[in-house]
Amino acid sequence: MIKFAYFETGSNDALMVPVANYLGTEPLNDTTLTMHFDKVDNALDTSTVVMNFTQGQTTEAIESLHSALTANPKDGFIVVGDDNLTGFTNLEHITSVGAITL
Amino acid sequence: MINDVYLYFSDDFTKTKASTQAAAQTITVADGAPFAAMMDGTISDADRTSGKGFFHNGLVSLTMDAAHNDGSADVHVFGTHYGTVADDAVVQISPFSVTYAAGSGTGVFTLKTTSQDPVFGIDASSTAGENGFTLKLEKPYAVDQAIVKPASQLLNIEAVDATNTLLTFKPTTGDTGDQDKVTLTHTSNAHHLLAKSIADVITDARNHGKLIKFADAFNEIYFDGNPAGITTVTFAID
């Protein structure tokens with residue numbers, strides 16, 4: 001089954017990408033990290049999603065995000081972050097979805 | 001589908017930085033390794049007392065290098081939390097003892113006085129040279145301090161020399177001709193042990209769908225008991 005990761009920002013920007021296109025994660029500073037995916041238009045570049053987390057909780061946020069990516073929901077749809085969905089609870093240590101760059 | 005294995009690597013850089021010394025309640029730490037940029041934002045007095053902020057969250061720890069308590073006029077005075085502190089003792093500063101504000105190219109912690117907080121307060125010495133502190137980074141938090149790579153993006157493993165092995169991954173940026181490189185320094189001629197460790201971590205079904213700390217040099221945690229004797233991790237991220 002193909003799994004998809006879904007992100008939506010508070011400003012209504014959204015992205016769904018196959019988890020198989022995930023390239024890696026690196027911290028940016030004490031409150032943000034960047035998740036990299038194969039470029040959505042298949043160019044040799046990267047599409048990124050910045051995730052914001054509780055200040056100082058870098059490794060905890062990394063673990064939380066990867067627990068989400070490795071989940072196996074029946075429909076393959078993994079909501080990693082959604083700042084608009086009423087009732088959605090952020091992953092532990094995650095505070096919001098930052099900039100989505102395609 | 002088979003779940004990927006997410007490999008976590010962290011660097012083993014120097015974790016501490018000394019403060020400047022001043023005859024004041026403030027403890028100033030300038031930007032510079034390992035704090036590429038001192039933390040933004042503030043820890044207010046309300047944050048301090050309610051357990052909020054990066055200090056309470058465990059990002060850093062702060063120690064007084066040597067308590068000055070020799071009976072002279074410029075001694076440190078400690079709140080009850082610290083008990084009786086011997087002269088020249090290293091003192092672990094509680095997160096409940098300080099507020100914080102980002103400065104210009106610096107981060108400034110401010111000790112509460114014993115008048116302000118009889119439990120966690122500390123009165124600094126009136127002699128600047130006695131007020132030496134060390135800030136220690138307890139978790140990686142900046143670029144090139146840690147990275148997670150899916151095992152499926154591993155391109156190859158090659159020996160660099162007797163004590164270094166290079167793991168090459170498809171680049172995080174997706175750029176053609178570039179790679180993400182993680183170099184592991186290990187016991188001499190232990191390449192095969194390292195390669196087998198990588199193979200083990202990837203092929204063991206129990207690891208599928210998990211984040212595995214393969215070489216967390218920052219915390220000296222290594223996969224499978226570190227059979228290759230990894231001592232150093234360095235990155236060259238595209």
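Strands E3(A) and E4(A) run antiparallel and are joined by 5 bridges; two strands count as paired if DSSP finds at least two bridges between them. Strands (E, at least two residues) and helices (H or I, at least four) are DSSP runs, numbered from the N terminus. This is a predicted model, in which local features need pLDDT of at least 70 and side-chain atom pairs count only at pLDDT 80 or more, while totals for chains, interfaces and linings use all residues. Residues are numbered from 1 along each chain as its sequence is written, and chains are lettered from A and ligands numbered from 1 in the order in which they are written.

The link between E3(A) and E4(A) is a hairpin of 4 residues. E4(A) also pairs with strand E5 (residues 46-53) of chain A, in the antiparallel sense and over 7 bridges. Here A:Thr34 has A:Val50 in E5(A) as its bridge partner. E4(A) is mostly covered, with 5 of its 7 residues buried. A residue is buried if 20 or more other C-beta atoms lie within 10 Å of its own, exposed if 12 or fewer, and partly exposed in between, with C-beta atoms placed from the backbone.

Chain A also holds helix H1(A). Its 12 residues should span 16 Å at 1.5 Å a residue, and the end C-alpha atoms are 17 Å apart, which agrees. The expected span is 1.5 Å times one less than the number of residues. Buried residues of H1(A) include A:Ala61, A:Ile62, A:Leu65 and A:Leu69. An α-helix has 3.6 residues a turn, so residues three or four places apart point the same way.

Where does chain A touch chain B? In all, 28 residues of chain A are in contact with 34 residues of chain B, where contact means that the C-beta atoms, placed from the backbone, lie within 7 Å. On the chain A side, the elements that give two or more residues are strand E3 (22-27), strand E4 (32-38) and helix H1 (58-69). The largest share, 6 residues, comes from E3(A). This side divides into 8 nonpolar, 13 polar and 7 charged residues. Ala, Val, Leu, Ile, Met, Phe, Trp, Tyr, Cys and Pro count as nonpolar, Asp, Glu, Lys and Arg as charged, and the others, Gly among them, as polar.

Chain B is assigned domain 1 (5-11 + 143-236) and domain 2 (20-131); such bounds come from an automatic or database domain assignment. The C-alpha centres of the two domains lie 38 Å apart.

One open sheet of chain B has 4 strands in the order E2-E11-E5-E7, with antiparallel pairing. Its edge strands are E2 (16-18) and E7 (91-93), each of which pairs on one side only. E2(B) pairs with strand E11 (residues 133-137) over 3 bridges, and B:Ala18 stands opposite B:Thr134 in E11(B).

Strand E16 (residues 210-216) of chain B has 5 of its 7 residues buried, so it is largely enclosed by the rest of the structure. E16(B) pairs in the parallel sense with strand E1 (residues 5-10) of chain B over 6 bridges, with B:Tyr6 opposite B:Leu211. E16(B) also pairs with strand E17 (residues 221-222), in the antiparallel sense and over 2 bridges. B:Ile221 of E17(B) is the bridge partner of B:Asp216. The hairpin of E16(B) and E17(B) has 4 residues between the strands, and B:Glu220 takes a positive phi near 55 degrees there.

Conventions: Contact = placed C-beta atoms within 7 Å.
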